[in-house]
Amino acid sequence: RGGTSTIIKDSLASFVKKSGTDHTGLGRWSWYLLEGEPGHFTYVITAYAPCGNKDSGKCTYYKQSERYILSQGLRTNPKTMFREDLLALLRKWRKVGRRVVLMMDANEHVEDGIMCRQLKEGDLKMTEAVHQQASGSAPKTFFRGSHAIDGIWVSSDLEILGASYLPFDSSVGDHRPVMLDISLDSLLGKRLNRVVPVKARKLNSKVGRIRQKYVDKLEELFKQHN
């Protein structure tokens, strides 16, 4: 319960250098590290913040986190632990110059929440993409909620081309999907490694001597394997 999944597919998958998950084993986030141009690194991370309280049911994500805290003898709570652990991880990445795309169900207002305000400040300076593209108040993103709790945050060295919320009925879940269009140059860099085809001599089947030599070699290999 409460686990996350991050999927990199198609041509972008060839730029994956590393992947990882939440160190506690609670599934609070999962990530990929991309490298396009040599030395141009971008982390793509999906995170799910806990919601609930001490009265939540025993099978909830909140209680799962609470049991972990008790087992480790920590003096914290699920929401504080999530916020402090995630912000520490993001700061570690940003300190060494890594770009970051954070996709998150924050379970708090994406503009005014305690954690979300810290994403915009200090050494992180991350921007929530939808609010950067459109002014005014955002719609609720949980169908029983009252405000936006889902978003995509990007570091200042990434170029946002567009971002939006989709209708509830376009998703299999009970939250609005969030979409981000980001420039490939800022994500991967400009000087990407190119695939160079291997040079080899082509078979000239019009020359009888060469054609027969090729057939004889195939027959020899066939006999060796049988």
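Where is the place of Leu221? Select it and you will find yourself in helix H6, residues 208-224. Helices here are DSSP runs of H or I with at least four residues, strands are runs of E with at least two, and both are numbered from the N terminus.

Before going further, note that this is a predicted model: local features need pLDDT of at least 70, side-chain atom pairs count only at pLDDT 80 or more, and totals for chains, interfaces and linings use all residues. Residues are numbered from 1 along each chain as its sequence is written, and side-chain values use heavy atoms, with hydrogens and water left out.

**Stop 1**

Leu221 is partly exposed, at 35% relative accessibility.

**Stop 2: helices H1 and H2**

Select residues 61-72, which are helix H1. Its buried residues are Tyr61, Tyr62, Lys63, Ser65 and Ile69. Strand S3 (41-48) and helix H2 (78-95) are among the elements that cover them. Just after H1, look for Gly73, with a positive phi of about 65°.

Move on to H2, starting with Asn77, which caps the N-terminal end of this helix: a side-chain oxygen lies 3.1 Å from the backbone nitrogen of Lys79. How far apart are the end C-alpha atoms of H2? They are 26 Å apart, in agreement with the 26 Å that 18 residues should span at 1.5 Å a residue. (The expected span is 1.5 Å times one less than the number of residues.) Buried residues of H2 include Phe82, Leu86, Leu90 and Trp93. Just after H2, Gly97 takes a positive phi of about 85°.

**Stop 3: His40**

Next, pick His40 in the loop between strand S2 (29-35) and S3. Is His40 buried or exposed? With a relative accessible area of 11%, His40 is buried. Its side chain reaches the backbone oxygen of Ser186 at 2.9 Å. Leaving aside neighbours within four places in sequence, His40 has contacts (heavy atoms within 4.5 Å) that include Leu34, Glu35, Arg99 and Leu187.

**Stop 4: salt bridges**

A search of the whole structure finds 7 salt bridges, each a side-chain nitrogen of Lys or Arg within 4 Å of a carboxyl oxygen of Asp or Glu.

- Glu35 and Lys17 meet at 3.5 Å, N to O. Glu35 is in strand S2 and Lys17 in strand S1 (residues 16-21), 18 residues apart. Glu35 is buried at 17%, whereas Lys17 is exposed at 53%.
- Arg191 and Glu37 have their closest N and O atoms 2.8 Å apart. Arg191 lies in the loop between helix H5 (184-188) and H6 and Glu37 in the loop between S2 and S3, so the pair ties together parts 154 residues apart in sequence.
- Asp157 and Arg94 come to 3.1 Å between the closest N and O atoms. Asp157 is in the loop between strand S6 (150-155) and strand S7 (160-165), and Arg94 is in helix H2, 63 residues apart.

Terms used:
Buried means under 20% relative accessible area, exposed over 50%, partly exposed in between (1.4 Å probe, protein chains only). A polar contact is a pair of N or O atoms within 3.5 Å; within protein, one must be able to donate a hydrogen and the other to accept it, and residues adjacent in sequence count only if both atoms are side-chain atoms.
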